[in-house]
Amino acid sequence: MNLATLSASYLRARPLNTALSVILLALGVGTIVLLLLVVGQAEERMHRDARGVDLVVGAKGSPMQLMLAGIYHLDAPTGNIPLSTVALLSKNRMVKRAMPLALGDSWKGHRIVGAGKEYPDHYGAELRDGRFYQKPMEAVLGYEVAQRTGVGVGATFKGAHGIGSDPGDEHEDSYTVVGVLAKSGSVVDRLVLTSIESVWQVHEQHQGPQDDADRKALEEAREVTVVLVQYASPLAAATLPRQINSQSELQAASPAYETARLFRIVGVGIEALRGFAAVLILAAGLSVFIALYTALEERRYELAVMRTLGASPGKLFGLLIGEAFVLSLLGVILGLVLGHGLAAALGAWLESQQQYPVTGLEWRPEELWVAGTALGVGVIAALVPAWRAYRTDVSRTLARG
Amino acid sequence: MIAVRSLAHRYGAAEALRLSEWKVAQGERWLVLGRSGSGKTTLLHVIAGLIRPTEGEVEVAGENLCRLEGARLDRWRATSVGIVLQALHLVKHLSVRDNLRLAQYLAKAPQDDKRIDDTLGALGVGAKSSRRPSELSQGEQQRVAIARAVVNRPKLVLADEPTANLDDAAAATVVELLTEQAGRQGATLVVATHDARVKGKFRERLEL
């Protein structure tokens with residue numbers, strides 16, 4: 001027997017009170033842990049995907065939409081821009097690198113992205129199988145795409161017009177899978193990559209060039225969807241976006257600025273949830289306080305008897321604090337399990353929706369802080385009942401009984 | 001063993017106890033008699049170091065209780081005194097065995113299951129060791145309370161109205177067991193009661 005087993009045995013004798021305090025605390029801790037995991041992982045991933053991209057250049061529209069479509073492939077693109085823009089940007093001295101992407105089609109919900117090899121290289125994605133595309137109508141699958149569809153090198157597929165959940169008609173041309181990428185933990189995992197020429201070819205066949213003049217006209221009208229720009233120097237940030245935005249067809253969006261804006265918008269909801277979780281933890285503290293305090297009346301004999309058996313007042317103080325600690329510890333452990341379990345469940349659901357992945361199998365340092373705070377709240381809630389137990393007047397209590 | 005001189009205790013203005021002199025030798029068995037309100041319980045609590053008397057000197061088991069403070073007094077009580085109370089006050093959420101183990105734990109004595117089983121066996125409740133107090137009869141609960149009072153082999157056993165809620169047979173057994181247990185380990189026994197059934201069993205008496 002020790003203080004812990006003595007505390008635990010008392011809590012076992014009052015299962016309903018114990019369960020209430022533990023569950024309230026677990027819900028509070030679980031909610032905060034879930035938020036930490038989801039927000040933390042989303043932020044990390046968004047920063048990783050946007051790393052090395054200082055500017056997204058595309059057609060006029062909403063800059064946030066342009067960023068979501070151009071970098072994260074989450075939204076529809078704002079439109080297309082002339083191919084000549086790429087050369088224009090590449091020649092600019094303030095630009096270190098300009099990566100054009102051609103979007104518009106999808107396969108089984110996965111976006112088909114026309115891009116050069118520099119694009120997967122930028123994210124450190126390496127081939128796991130096969131080779132990189134060399135000719136039009138060859139495609140390389142991202143890791144998750146291959147996983148989900150179960151398709152490998154040698155397979156063929158037809159792209160569907162449009163992106164999102166409700167794609168349009170299938171195109172006639174078939175892509176051939178020539179390679180599969182290894183997991184890179186970036187946006188490339190969710191994409192089907194092909195050359196920009198493939199995207200052009202698929203779309204031009206709708207009209208079908210009749211003669212050389214026609215072909216020339218078509219080639220002049222060739223377009224890309226976005227250009228991902230890396231600055232040559234930080235100074236470019238001051239002038240380049242303004243320069244681009246002043247041209248009638250073009251728009252430049254800064255991922256750093258737009259993600260910050262996005263998190264500011266979503267942040268209100270996150271803060272509200274966080275506040276709600278804090279209220280839950282406080283309610284749990286209150287329930288610990290009420291459970292211990294109301295039980296004091298019926299326990300005063302028991303506590304006085306412990307004094308006759310030689311327990312010091314400090315021991316009784318410790319006993320009540322110990323009970324609150326055991327309660328809080330159970331609540332915190334259950335809350336951590338709950339938070340990680342919910343994150344894993346949410347991750348499984350998001351994966352089925354082909355959204356950003358979330359995992360429950362990851363620890364964040366802030367969780368220690370949450371656990372410590374919840375334990376602290378539980379123990380502080382026990383201070384007043386513990387003090388009353390400390391002050392038990394043994395003789396008077398026993399004389400009354 | 002016990003030496004009391006010019007003792008008085010008051011709760012506020014009301015005098016609860018006055019005793020000019022009382023001496024008890026090691027191993028003696030005393031009965032403290034008196035109406036209710038005559039100060040029997042107060043005297044027992046003074047001897048057990050649970051209250052500090054307003055006036056007078058109290059020496060118990062070689063310690064001057066007026067000079068023992070706080071934690072040292074608690075330590076002294078844990079190892080030197082075993083107390084049986086009128087109402088039973090076993091700890092409800094602990095089994096019979098754990099009630100005795102609690103006494104060992106609080107006295108910082110080794111937690112000795114053999115000693116617990118021997119003590120419960122000697123009091124005839126060895127078979128009930130894993131039961132909760134609420135599953136026992138009044139008489140059985142009082143035996144467990146006695147077992148808990150003697151498990152640490154105290155030099156002094158105090159009992160406050162130990163027979164109050166018991167029928168004649170159970171009351172006789174409890175008195176018998178108390179004297180037997182105290183005798184077995186050479187402890188001094190002081191029983192406070194107004195129960196006429198107990199009076200015949202003790203030679204030494206203190207009337208309050």
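These entries go through the cores, the aromatic rings and the sheets.

**Entry 1: the cores.** A reminder to myself before starting: this is a predicted model. I looked up the largest nonpolar core and found that it holds 96 residues. Ile2(B), Trp22(B), Leu43(B), Val60(B), Leu102(B), Leu178(B) and Val190(B) touch the most other members. In soluble globular proteins, nonpolar side chains tend to be buried together.

Leaving out residues up to four places away in sequence, Leu178(B) touches Val84(B), Ile146(B), Val157(B), Ala159(B), Pro162(B), Leu189(B) and Val191(B).

**Entry 2: ring pairs.** I counted aromatic pairs next, and over all chains there are 8. Tyr119(A) and Tyr123(A) make an edge-to-face pair, with 5.6 Å centre to centre and 90° between the planes. Both of these tyrosines, Tyr119(A) and Tyr123(A), are buried.

How are the rings of Phe289(A) and Tyr293(A) arranged? Their planes are at 25°, with the centres 5.3 Å apart, so I noted the pair as stacked. Both residues, Phe289(A) and Tyr293(A), belong to helix H10 of chain A and sit 4 residues apart, about one turn of the helix. An α-helix has 3.6 residues a turn, so residues three or four places apart point the same way.

**Entry 3: charges over rings.** Two cases went into the notebook. Arg299(A) has its charged end over the ring of Tyr10(A), 3.5 Å from the centre. Lys117(A) lies over the face of Phe132(A), 5.4 Å from the ring centre.

**Entry 4: a sheet in chain B.** I traced an open sheet of 4 strands in the order E2-E1-E4-E5, with antiparallel pairing. Strand E2 (14–24) and strand E5 (63–64) of chain B are at the edges; each has a single partner strand, so one side of each has no neighbour in the sheet. Further in, strand E1 (residues 2–11) and strand E4 (residues 55–60) of chain B run antiparallel and are joined by 5 bridges. Ala8(B) stands opposite Glu55(B) in E4(B).

What packs on this sheet? Helix H1 of chain B (residues 40–47) does, touching E1, E2 and E4 of chain B, and its direction makes about 60° with that of E2(B). I checked how covered H1(B) is: 7 of its 8 residues are buried, among them Leu43(B), Leu44(B), Val46(B) and Ile47(B). After H1(B) comes Gly49(B), which has a positive phi near 75°.

**Entry 5: strands in chain A.** I finished with strand E7 (residues 156–161) of chain A. Strand E3 (residues 95–107) of chain A runs antiparallel to E7(A), with 2 bridges between them, and Asp105(A) has His161(A) as its bridge partner. Strand E8 (residues 170–181) of chain A is also antiparallel to E7(A), joined by 4 bridges. There, Thr156(A) has Thr176(A) as its bridge partner.

Definitions and conventions
Residues numbered from 1 in each chain as written. Chains lettered and ligands numbered in written order. Predicted model: local features only at pLDDT ≥ 70, side-chain atom pairs only at ≥ 80, totals over all residues. Heavy atoms only, no water. Core = buried A, V, L, I, M, F, W, Y, C linked by side-chain atoms within 4.5 Å. Buried < 20%, exposed > 50% of the residue type's maximum accessible area, 1.4 Å probe, protein only. Contact = heavy atoms within 4.5 Å. Phe/Tyr/Trp six-rings, centres within 6.5 Å; stacked < 30°, edge-to-face > 60°. Lys NZ or Arg CZ within 6 Å of the ring centre and 35° of its normal. Pairing = 2+ DSSP bridges. Axes fitted to C-alpha atoms, helices over the stretch in contact; angles between N-to-C directions.
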